[in-house]
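Visitor: Please show me how to read the features of a model like this one, giving the general idea before the particular case.

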Amino acid sequence: MKSDENKLTSFRPIEKKGRWRLPKKLVEGIYLLEGTFGSNVYALTGNGLALVDAGFPVDLPRIIAGLRGIRAKTKDLELVVATHYHGDHVGPVAGLRRRYGVRTAIHREDAPFANGERPIERFEVETSRLIFYLALWPLFRYRNFPVDIFLEEGEQLDLAGGLTVLHTPGHSRGSICLYQAKRGILFSGDLLRNERGGLEGPPPQFTPDVEAAALSLKRLKDLDFDVLLPGHGEPILGGAGDRFRLALRRGEIWPLNLASFSSEAG
Ligand SMILES: [Zn+2]
Ligand SMILES: [Zn+2]
């Protein structure tokens, strides 16, 4: 027994992700289900129960535990709104649908990738990273699922006090942000991330349409938001719009910091 105990105590998680923690209340009606390996997963309460993004397939138990943490039952989950079709955002959707009848909303241009009508886009990856991604591939792979609600620009969702769909392509054709003017809340998906100690644009190696991504980021520049709920990294609960505009002026946001876009970025 002794040796087994030693084995257990010598185990250390590689990073903070994957720990089981209680959901964090961000603003009224919006919680972060913490500890997911894939994207951030936000739970929206108030008008039924919904998620914005759902992480990797392996995140399903964390979602179920997270919902329990806000005293909600997984069977009460009605909808997953996906910011785009990538496997780190919609991984458990097929399982949630099968087991709990959860519906999915995704932009109409990403729907054919989510439901399997079209093969997922190929990305430009440097050889050095290729092995890394091949090793991670089982994590990214997910079962396709039928899309119930095809989202479009300007559509209003009756969630968390009202969210407007902004079509912000580039990282994928049908990437969206969700915006609430009243409280200055922006769900940014992978268009704007906060992972490595600062704001970042979409990951270049996974963003096929650079020009569209630049236009989408420019759109955010003129948006009045205070609370940023990104697809990856820590949520920002105040002054997010100002931080974004400062990062833009400092040339920290790809692809607006490229020579071809930078003259118009500030
Ligand atoms: Zn993505
Ligand atoms: Zn992502």
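Guide: A helix here is a DSSP run of H or I with at least four residues, while a strand is a run of E with at least two, and both are numbered from the N terminus. The model is predicted, and its protein chain contains nine helices together with twelve strands.

Visitor: Which residues of helix α2 are buried, and why do they line one face of the helix?

Guide: An α-helix has 3.6 residues a turn, so residues three or four places apart point the same way. In α2, which covers residues 60-69, the buried ones are Leu 60, Arg 62, Ile 63, Gly 66 and Leu 67. Viewed down the axis of α2, these buried residues fall within an arc of 155°, and so they line one face of the helix. They pack against β2 (30-33), β3 (41-44), β5 (77-81) and α4 (93-100).

Visitor: Which residues have the most contacts inside the largest nonpolar core?

Guide: In soluble globular proteins, nonpolar side chains tend to be buried together. The largest nonpolar core here has 62 residues, and Tyr 42, Leu 51 and Leu 186 have the most contacts inside it. Leaving aside neighbours within four places in sequence, Leu 51 is in contact with Val 41, Tyr 42, Ala 43, Leu 77 and Val 80.

Visitor: How many bridges join β10 to β11?

Guide: Strands of a sheet pair through backbone hydrogen bonds, either parallel or antiparallel. Strands β10 (residues 176-180) and β11 (residues 185-189) run antiparallel and are joined by three bridges, with Ile 185 in β11 as the bridge partner of Gln 180.

How values were computed: Residues numbered from 1 in each chain as written. Chains lettered and ligands numbered in written order. Predicted model: local features only at pLDDT ≥ 70, side-chain atom pairs only at ≥ 80, totals over all residues. Buried ≥ 20, exposed ≤ 12 C-beta atoms within 10 Å, placed from the backbone. Arc of directions from axis to C-beta. Contact = placed C-beta atoms within 7 Å. Core = buried A, V, L, I, M, F, W, Y, C linked by C-beta atoms within 7 Å. Pairing = 2+ DSSP bridges.
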